[in-house]
Amino acid sequence: MFKEELKIFRENQQEDETELPLQTRIRQSLYTSLLEFEEDDSLKKISKVTAICGGNTLDIHPQEPWPQPIHLYQPYEVEQILLPDNANCLAVQAYLKMCNLDFTIEPRWNAEYMSPSAKVPFIKCGAFVIPDYDNIVSFISSKGASLSEGLSEEDKVNLRAYQSLVNNVLHNAELYVCWCHEDTYNSITKNRHGSVYPWPLNHLLNWQKRNQITKRLNVLGYATKTLKEIFDDVEKCCEALSERLEDKMYFFGDSPNELDALVFSHVHTLTTSNLPSPIQELAAIIRRYPLLIDHAYLINKCFFNRTPNLSIDSFEVIEDSSEEIYTQRTRCSGIWTYIQYNNNTTY
């Protein structure tokens, strides 16, 4: 009976197997497995084979069609994006390139308010909208494109620990630099963050964002730290990462994973950013660890096809105020933008 059904099924099959629906492939695999049985086979053998539903089903999930195309939404790089957001966006770009996934960058002035978590970047993949680096990595892994699947359980634990270290030290240090250090805030942050909004909305959103970041850093104990304490934390973090990297190409062998993309994004961003004194010390601290510099250079060359000099500052400082940029906009349009920006989610 099964042989006849399988024969009819194959005669009617017109599409490639990888394009068939999941349910159809499961049925085909089950029928193929049942053909291996003989009348005198024991119940134990039959249970063992049917439990895995045949060898053909082991790769069902990776064969599921990827919901292309992938659109990555982020703020404008030239006039708007800030240090922490730039690192986060670069981490997602690097990870997608490591997974050999094609994507297009979609800059939006209100990307932060389009994101479900109010954080950038986020990706739109088919019917899915996924924000935050960790969530994006988990989503891509669920589609069969995990870069850390082959690691041992111990290595996976270490990977998560180093990711937490980077997020808690480097990311918080960048937030502190941008929003709590007065010179940086006045010369860079408020102009860049408010550059895409009309007056007086730019001042309101700058105040709102700074208040949110300060509360977050207060909870973590960062808002009350001095610059020297921030520098000490960054140096300890770089030392731990450098010791882990040792003489390897990547942190866990010869293949990159999500930790490599995350560390690269922060090292590249900090060493190519023109920050006012004394915050340039952050870049100087990282340059004391040549293994991290070489690691960032390698990823730049292999995945971005570029060879930047990480000792040259390239982050653009915008001196023009957002009032001059938007002189032709009326105050009325600014108030209307403030009312509507949370609902503007056109992808």
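## Aromatic pairs

Let's start with the rings: searching the whole structure turns up 6 aromatic pairs. Keep in mind as you read that this is a predicted model. To describe such a pair, you give the distance of the centres and the angle of the planes.

Take Tyr-73 and Phe-122. Their ring centres sit 4.9 Å apart with the planes at 5°, so this pair is stacked. Tyr-73 belongs to strand S1 (residues 70-74) and Phe-122 to strand S3 (residues 122-125), so the pair ties together parts that are 49 residues apart in sequence. Are these two residues buried or exposed? Tyr-73 has 2% relative accessibility and counts as buried, and Phe-122 is buried too, at 0%.

Another of the pairs is Trp-179 with Tyr-185, and this one is tilted: the centres are 6.0 Å apart and the planes make an angle of 45°. Trp-179 is buried at 2% relative accessibility, and Tyr-185 is buried at 9%.

## The whole protein

Time to zoom out. The protein has 347 residues, and 45% of them count as buried.

How do contacts relate to the sequence? If you take contacts between residues at least 6 apart in sequence, 76% of them join residues at least 24 apart.

Now for the inside. In soluble globular proteins, nonpolar side chains tend to be buried together. Here, the largest nonpolar core has 71 residues, and Ile-140, Val-234 and Leu-292 have the most contacts inside it. Which helix gives the most to this core? That's H8, with 11 residues. Domain 1 (70-143) and domain 2 (153-304) both contribute residues, so the core lies between them.

Not counting residues up to four places away in sequence, Ile-140 touches Trp-66, Tyr-95, Leu-96, Cys-99, Leu-101 and Ala-145. There's also a second, separate core of 5 residues, including Tyr-113, Val-196, Leu-201 and Leu-205.

## One face of helix H13

Helix H13 covers residues 280-287, and its buried residues are Leu-282, Ala-283, Ile-285 and Ile-286. Looking down the axis of H13, you'd find these buried residues within an arc of 155°, so they line one face of the helix.

What do the buried residues of H13 pack against? Their partners are four helices, namely H8 (153-179), H11 (227-245), H12 (258-271) and H14 (290-303).

Asn-88 lies in helix H5 (residues 83-98). The cut-off for buried is under 20% relative accessible area, and Asn-88 has 17%, so Asn-88 counts as buried. Leaving aside neighbours within four places in sequence, Asn-88 is in contact with Val-120, Pro-121 and His-171.

Ala-127 is found in the loop between S3 and strand S4 (128-131). At 78% relative accessibility, Ala-127 counts as exposed.

Conventions. Residues are numbered from 1 along each chain as its sequence is written. This is a predicted model: local features need pLDDT of at least 70, side-chain atom pairs count only at pLDDT 80 or more; totals for chains, interfaces and linings use all residues. Side-chain values use heavy atoms; hydrogens and water are left out. Buried means under 20% relative accessible area, exposed over 50%, partly exposed in between (1.4 Å probe, protein chains only). Contact means heavy atoms within 4.5 Å. Helices (H or I, at least four residues) and strands (E, at least two) are DSSP runs, numbered from the N terminus. The arc is that of the directions from the helix axis to the C-beta atoms. A nonpolar core is a set of buried Ala, Val, Leu, Ile, Met, Phe, Trp, Tyr and Cys residues joined through side-chain atoms within 4.5 Å. Domain bounds come from an automatic or database domain assignment. Rings of Phe, Tyr and Trp (its six-membered ring) pair if their centres lie within 6.5 Å; planes under 30 degrees apart count as stacked, over 60 as edge-to-face and the rest as tilted.
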